[in-house]
Amino acid sequence: DVYKRQGTYTARLGDLESRMDVLGMDRAAFVDLVQSDMPPRPSNYEAIVATNLGEREPSDEEAFGLELGPNNCAASQDALTSD
């Protein structure tokens, strides 16, 4: 498969729905699940969000520092997959 050789994974949404319970959840249940698995926000969370929204432009040095911290802003894959 060409996608696997390129290091990506693709599948039809309909195929994933049968393998990933999370895709069948209603919005409230999905939000509860994701929030239940989220670690504490990093101390520089506000700066990261503002930067990602284009509301601020950090210097190269500051941007490097923002990237060094742990990625605590996203839901983990473990919360979204049943395997």
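User: What counts as a salt bridge here, and how many does the structure hold?
Analyst: A salt bridge is a side-chain nitrogen of Lys or Arg within 4 Å of a carboxyl oxygen of Asp or Glu. This is a predicted model, and the number of salt bridges in the structure is 1.

User: Nice, so which side chains meet in a salt bridge, and at what N to O distance?
Analyst: The pair is made by the side chains of Glu 62 and Arg 56. Glu 62 has 32% relative accessibility, and Arg 56 has a relative accessible area of 28%. Buried means under 20% and exposed over 50%, so Glu 62 is partly exposed, and so is Arg 56. From N to O, the Glu 62 and Arg 56 side chains are 2.7 Å apart.

User: How many helices and strands does the protein chain have, and in what order do the elements run?
Analyst: The count is 6 helices and 0 strands. Read from the N terminus, the order is therefore α-α-α-α-α-α.

User: Let's turn to helix 4: which of its residues are buried?
Analyst: Helix 4 spans residues 45-52, and helix 5 is among what covers its buried residues. Just after helix 4, Gly 54 has a positive phi of about 75°. The buried residues of helix 4 are Tyr 45, Ala 47, Ile 48 and Ala 50.

User: Which residue caps the N-terminal end of helix 3, and how many residues of helix 3 are buried?
Analyst: The cap is Asp 26, which has a side-chain oxygen 3.2 Å from the backbone nitrogen of Ala 28. Helix 3 covers residues 27-36 and is itself hardly covered. Among its 10 residues, the buried count is 1.

User: Finally, what percentage of the contacts join residues at least 24 apart?
Analyst: The contacts in question are those in the protein chain between residues at least 6 apart in sequence. Of these, the part joining residues at least 24 apart is 51%.

Key:
Residues numbered from 1 in each chain as written. Predicted model: local features only at pLDDT ≥ 70, side-chain atom pairs only at ≥ 80, totals over all residues. Heavy atoms only, no water. Buried < 20%, exposed > 50% of the residue type's maximum accessible area, 1.4 Å probe, protein only. Helix = DSSP H or I, 4+ residues; strand = E, 2+ residues; numbered from the N terminus. Contact = heavy atoms within 4.5 Å. Polar contact = N/O pair within 3.5 Å; in protein donor to acceptor, adjacent residues only side chain to side chain.
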